[in-house]
Amino acid sequence: MSSLRLFVAVLPPEPAVQELRRAVSALHALPGADRLRWTAVPNWHFTLAFLGNVDEELLPELHTRLARAARRTEPFPLRLHGAGRFGGRALWTGAAGALDTLRLLAERADAAARRSGVPMDEHRRYSPHLTLARSRTETDLRPFAEALGGFEGTSWQVGEVALVRSNLPVSGVSGERPRYEVHASWALGR
Ligand code: 2AM
């Protein structure tokens with residue numbers, strides 16, 4: 001049976017992406033920046049739930065349940081905020097604003113996936129972040145996190161949740177990044 005690699009995400013709107021892009025471009029000049037794998041700007045997102053490979057036959061139920069999760073959640077304010085890192089492996093920007101609602105939406109997306117039959121066995125504790133760069137080896141990311149630490153984006157109203165398909169690179173070309181495409185999206189609230 002064929003399957004799709006999927007995750008549920010909040011996508012920042014273009015003005016927020018451009019603010020972040022300007023802030024991140026300053027990091028590219030720091031020592032060691034060229035040894036990091038920077039995520040592609042059009043791919044920037046906040047993951048709510050990572051589904052992994054989902055059998056195609058589960059999709060109708062998944063769509064119905066995610067639509068319901070979206071409908072039950074009112075639009076909420078969010079902004080890009082500061083920087084952090086997962087050890088020496090990943091650099092990210094965080095979120096501020098109605099984080100309780102973001103978490104609630106993440107829980108609802110997770111529950112929607114489980115109830116649709118997605119095993120959700122790669123579950124991680126939810127920690128809102130937008131990954132900016134990754135490193136294959138343990139790297140000191142502190143200078144990058146410090147340089148971006150004061151970043152505050154303009155708040156926007158999250159009005160939509162997206163189911164995103166991740167197409168992993170098949171070429172084997174080192175450094176090639178996954179391609180993401182929005183598979184479906186639903187408006188929040190009624
Ligand atoms: P990351 O940015 O921290 O790597 C697409 O891969 C998205 O799903 C990314 O945001 C990635 O988080 C997230 N992701 C990948 N594997 C995951 C997992 N096992 N659990 C939770 N999120 C995951």
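On a 1 Å grid over the protein atoms alone, a pocket is an open set of points where a 1.4 Å probe fits, with protein on both sides within 12 Å along at least five of seven lines. A molecule sits in a pocket if more than half of its atoms lie within 2 Å of its grid points. Here, the ligand takes up the space of the largest pocket.

This is a predicted model, where local features need pLDDT of at least 70, side-chain atom pairs count only at pLDDT 80 or more, and totals for linings use all residues. Residues are numbered from 1 along each chain, and side-chain values use heavy atoms, without hydrogens and water.

Look at the pocket. Its volume is about 1200 Å³, counted as the space filled by probe spheres set on the grid points, which are joined across faces, edges and corners. The lining has 38 residues, each with an atom within 4 Å of a point. T47, F50, R124, H129 and R134 lie nearest the centre.

Now move in to the ligand. Around it stand F7, H45, T47, F50, E122, R124, H129, T131, R134 and Y180, where near means a heavy atom within 4 Å.

Which side chain has an N or O atom 2.5 Å from an oxygen atom of the ligand? That is T47. H45 places a polar side-chain atom 2.7 Å from a ligand oxygen. For R124, the distance from a side-chain N or O atom to a ligand oxygen is 3.3 Å. Polar contacts are pairs of N or O atoms within 3.5 Å. The protein covers 84% of the 470 Å² of accessible area that the ligand has on its own, by the Shrake-Rupley method with a 1.4 Å probe.

Terms used
Polar contact = N/O pair within 3.5 Å; in protein donor to acceptor, adjacent residues only side chain to side chain.
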